[in-house]
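Please look over the sequence and the model first.

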Amino acid sequence: MSQPLLSLKGLTKAYPGVIANNEISFDIGEGEVHALLGENGAGKSTLVKMIYGLVKPDSGGMTLRGAPYAPSEPRVARADGIAMVFQHFSLFDALNVAENIALGMENPPALRDLASRIREVSETYGLPLDPFRTVGDLSAGERQRVEIIRCLLQDPKLLIMDEPTSVLTPQEVEILFKTLQQLKAEGTSILYISHKLEEIRTLCDTATILRLGQVVGDCIPRETTARQMAEMMVGSSLKTPERSGRTLGPVALDITGLSVSSPTEFGTALKNLHLIVRVGEILGIGGVAGNGQEELLGVLSGEITTDAGAVKMAGQPIGRMGPTARRQLGVLTAPEERLGHAAAPDMSLTENALLTGVVRERLESHGFLKWGAARGFAERIIQAFDVRTPGPENAARSLSGGNLQKFVIGREVLQDPKVLVVNQPTWGVDAAAAASIRQALLDLAAGGAAVICISQDLDELMEIADNFAALNEGRLSEPRPTEGLSVDEIGLMMGGAHGMEVAHA
Amino acid sequence: MIRLEKRPQPSRAWSMATPLLAVVATMVFGGLLFAALGKNPFVAIQTIFWDPLFGEYSFFYRPQLLVKGAPLVLIAIGLSLGFRAGIWNIGAEGQYIMGALAGAGVGLAFYPLDAWYVFPLMVIAGALGGWAWAMIPGLLKVKFGTNEILVSLMLVYVAELILGSMSTRLLKNPEGYGFPGSRNFNDYPAGNSWIAQDLGMHWGVAAALIAVIFAYVLLNRHMLGFHIRLSGEAPRAARFAGVNPARLILLCLGLAGALAGMAGLFEVAGPAGQINIDFNVGYGFTAIIVAFLGRLNPLGILLAAALMALTYIGGEIAQDNLGLPAAAIQMFQGMLLFFLLALDLLTNYRLRLAVKERT
């Protein structure tokens, strides 16, 4: 390749207290799939926002096919052929696919013409999509397709994708990869951001690795092992969680025939759910988010109460108990949403330690709070889980997502749970911290606790879980031992590709 | 260009400094307003802020400060607990009236019995009256999800109508020559809230101080206070922590109602003296301002109530002595709230002179 498509030269962007990007330079070639790797907080988002015109660099510049490129806003970036698929979709549930796409266009054609173009593009790239379906009825994978097609209609030279596979089943990932390879073959460059190193190894031609806002290396993913890449990201060697042979004890918690509607409007109802977890077991529950994960956690935490007998702990009915009574018994939970659910954003870490720790850590007597003890508990969490913060008096929202996640998981793990339920325990956490959280879960199980781990990260579940079940539209599949389970089988348990397997046939 | 930038966490220093800054800004702009009305701004400000405390006639005004401040503190403390939890009871005025009616009703029923237990029973009845009135929006919200802002506000007008009916019918003084209004509690020692009338001391002042201490301990040391704050800041986290939202709503509204009701009773049994058509003068609404001016913090509320009482009394002096229109005084008080809320932004954000962006 003589001239790169996009060339970044010394891009720097500072925010108060942190240099998000420091002198970032690299090239993206024509028709190249370029991976951008880095832990959370490494500066990936800031960098792509600069490329997409959402953020202006403090210094440095970019050239697009040799010409200076400095988008002042996303519209300009799009006009220059840069398109982006965000991790979080910006679609209106109540509108149909074509209307949603028209909304994002400068001069949208008549809906009928647009619909035929959508069909055309979707067929060309093997992304079947009915332009007249309402977005609210689409699966996460299909919604992502809407975003991708919206980008492809602009005929982009560079497509930026931010964590595109986090919401997809394995089969959907396969479809997506075929599309991306076809785009590449047609000469479109792709900047691909992901945490999933194996994906990057299959898909990407080159990779640039960021750490703490700086480029720390690049590599050819096909010639590098996932472990090597992870170590470049973290800057130190990684410890793989150790899993000692476990023997499963008596039933610690079981759910029988539970059906419950969601407390929220767009939630998913749980339908006739059965679940058993034994002492010493880690039960992995996979599935794409929004299929009842939050509701399942609510049922277990006591935020959603049910018939007394529907949820039993060691035979004792607890379905009607609230969160406090369940904590007393040793059923602890860590919800997915850190800010606002697991933790109160504007409250200090001490107060947040108190939030769930008050019962088991005895942080009150006769209703009066023991602030000293609460602070001590917060400090123990910070210490044991390597939470990076100046001290427990800092507000929860001043912590980075990964650090807060460590705090939230650590808070429950340190309370010596009998049953621990975690939802997305390592979401947004860097590789080293994720490994230590997984190790903590394994240690808990080895120490005689029962652990239910709800996660979208299948690799994680394969690594730590004894049994695997998938949650799909509020239904839980029959659990199966993780040993010997293939990716295809998991995909089918997760509901396959929502009837889209034939797309590339 | 000036930009606002969110602070990583709220600034403690600014949350202390903004009320002071707001007072200063009010003085400056209020002064401009008075100057525009052709009055000497310095004299006007001095009349409002200095004379009631240290002026020639301060012996007369100082007791007035206690009389005006006490109900504001009592009501604002109750409201602040609800506001902290995200429960917007703005009908304290109605709860205040109903408390006064219930308490006065009990007192008048005992008239002219001279027994030590009459006044305590009146206080209890006053608290229950306010509590019961506040339970209406509370139960409606818990059972049917109605909006407590609307219901509690509407009930103020209902309470005013009941007050009118009571002062001309059921509680009317039989020896009052047909004038509306109940017997005067100042003529009934057993049912009287004064401790030392010439100092402005009545049981409401004592109750207000106790309420401040109670609320301070509750919010800072007690599990319930923690749950109140948690519910306001992160309702979902509060549910996760085991808070029962319905119970908390009833508790906060009930406490606020009881305190407002007590404030009404102390007022009717002392400074006001009798139930009458014009008994309520807006303490229940002013207390909302006081609660926010005090940053929903019990000690802050104490200071804020003192400040509001001062502007009330000082404002009256300014009207009498300088001929300032009443509307100007109300604008002055409005400015105070405006500046407070506007400057509050600085607690969570900082101003930054934007460096010119690269073009």
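## Terms and model

Two strands pair if DSSP finds at least two bridges between them. Helices (H or I, at least four residues) and strands (E, at least two) are DSSP runs, numbered from the N terminus.

This is a predicted model, in which local features need pLDDT of at least 70 and side-chain atom pairs count only at pLDDT 80 or more, while totals for chains, interfaces and linings use all residues. Residues are numbered from 1 along each chain as its sequence is written, chains are lettered from A and ligands numbered from 1 in the order in which they are written, and side-chain values use heavy atoms, with hydrogens and water left out.

Strand β9 of chain A covers residues 206-211, and five of its six residues are buried (under 20% relative accessible area, with exposed over 50% and partly exposed in between; 1.4 Å probe, protein chains only). With β3(A), residues 33-38, β9(A) runs parallel, joined by five bridges. In this pairing Leu37(A) is opposite Ile209(A) of β9(A).

With β10(A), residues 214-219, β9(A) pairs in the antiparallel sense, again over five bridges. Val215(A) in β10(A) is the bridge partner of Leu210(A). The two strands β9(A) and β10(A) make a hairpin with two residues between them, and Leu212(A) in the turn has a positive phi of about 50°.

## The cavity

A cavity is a set of points on a 1 Å grid over the protein atoms alone where a 1.4 Å probe fits but cannot get out; lining residues have an atom within 4 Å of a point. Grid points are joined across faces, edges and corners, and a volume is the space filled by probe spheres set on the points. There is one cavity of 30 Å³ or more, and the largest cavity holds about 60 Å³.

Its lining includes Leu127(A), Arg145(A), Leu168(A) and Glu172(A). Helices α5(A), residues 140-152, and α6(A), residues 170-185, each give two or more residues to this lining. The largest share, four residues, is from α5(A).

## Chain B as a whole

Chain B has 14 helices and four strands. Its radius of gyration, taken over C-alpha atoms, is 22 Å, close to the 21 Å of the globule rule (2.2 Å times the number of residues to the power 0.38) for 359 residues, so chain B is as compact as a globular protein of that length.

The C-alpha atoms of chain B fill a box of roughly 85 × 60 × 30 Å along the principal axes. Of the 359 residues in chain B, 52% are buried.

Note on methods: 1 Å grid on protein atoms, 1.4 Å probe; cavity = no way out; pocket = protein on both sides within 12 Å on 5 of 7 lines; lining within 4 Å.
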